[in-house]
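Visitor: Can you show me this one? I'd like to talk pockets and packing.

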Amino acid sequence: MVYHNIPPVFDKHSEILILGSFPSVKSREMQFFYGHSQNRFWKVIATIYDYPVPSDIPSKKKLLLDNRIALWDVIGSCEINGSSDSSIRNAVPNDIAALVEKTGISRIFANGATSYNMYNRFCRDSVGIDAVKLPSTSPANAAYSLDRLVSEWKSHLLSV
């Protein structure tokens, strides 16, 4: 069993929650979200909000919190081979409902199909907010260029 070792990023002003599935090996080593250099998450968020692409954890947290974004993963522990979402077994969810209760979160976005499916399976009923599935920022999602990811994500994150 592998355990999630990264606390959620949020504050009382958070209005949007972005959920991943489970941290990659690289993210677990770095102890922060989207730690693999090929993952496009930070480039996408920085582009949408017109920020420089953050290179360290404090600037990543600032980018999120300045824009009222909370960040976490659906799964708190699981059996997984490396970083492969398709290998996830015996998933135990994080307490997303407790996080939402501490904030002003009213919109939830899932970074890819696995986080979306796991959220719906484990968390949707207790949280009471439908998630919107966004295309994964993972380098494995080669069908989406950076520009296409930015366009898709921007149309959802900036809509009211």
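**Pockets and packing**

Guide: Start with helix H1. H1 gives the largest share of the lining of the largest pocket, three residues. Helices are DSSP runs of H or I with at least four residues, strands runs of E with at least two, numbered from the N terminus.

Visitor: What kind of model is it, and how is it numbered?

Guide: The model is predicted, so local features need pLDDT of at least 70 and side-chain atom pairs 80 or more, while totals for chains, interfaces and linings use all residues. Numbering starts from 1 along each chain as its sequence is written, and side-chain values use heavy atoms, without hydrogens or water.

Visitor: Which helices supply at least two residues of that lining?

Guide: H1 (25-30) and H5 (113-122) each do.

Visitor: What is the volume of the largest pocket?

Guide: About 530 Å³. That is the space filled by probe spheres set on the grid points, which are joined across faces, edges and corners. A pocket is an open set of points on a 1 Å grid where a 1.4 Å probe fits, with protein on both sides within 12 Å along at least five of seven lines; lining residues have an atom within 4 Å of a point.

Visitor: Which lining residues are closest to its centre?

Guide: Asn 39, Ser 83, Asp 85, Ser 136 and Ser 138, out of 26.

Visitor: And the second largest pocket?

Guide: The second largest pocket has about 160 Å³. Its lining includes Met 30, Tyr 34, His 36, Trp 42, Lys 43 and Lys 60. Asn 39 lines this pocket too.

Visitor: Which residues of H2 are buried?

Guide: Phe 41, Trp 42, Val 44, Ile 45, Ala 46 and Ile 48.

Visitor: What covers them?

Guide: The cover includes strands E2, E3 and E6, plus helices H3 (57-66) and H7 (146-157). Just after H2, Asp 50 has a positive phi of about 55°.

Visitor: New topic. What is the strand order in the sheet?

Guide: E3-E2-E6-E7, an open sheet of four strands with parallel pairing. Strands pair if DSSP finds at least two bridges between them. E3 (69-73) and E7 (131-134) are the edges, each pairing on one side only.

Visitor: How many bridges join E6 to E7?

Guide: Four, and the two strands run parallel. In one of them, Asn 111 partners Leu 134 of E7.

Methods. Buried < 20%, exposed > 50% of the residue type's maximum accessible area, 1.4 Å probe, protein only. Contact = heavy atoms within 4.5 Å.
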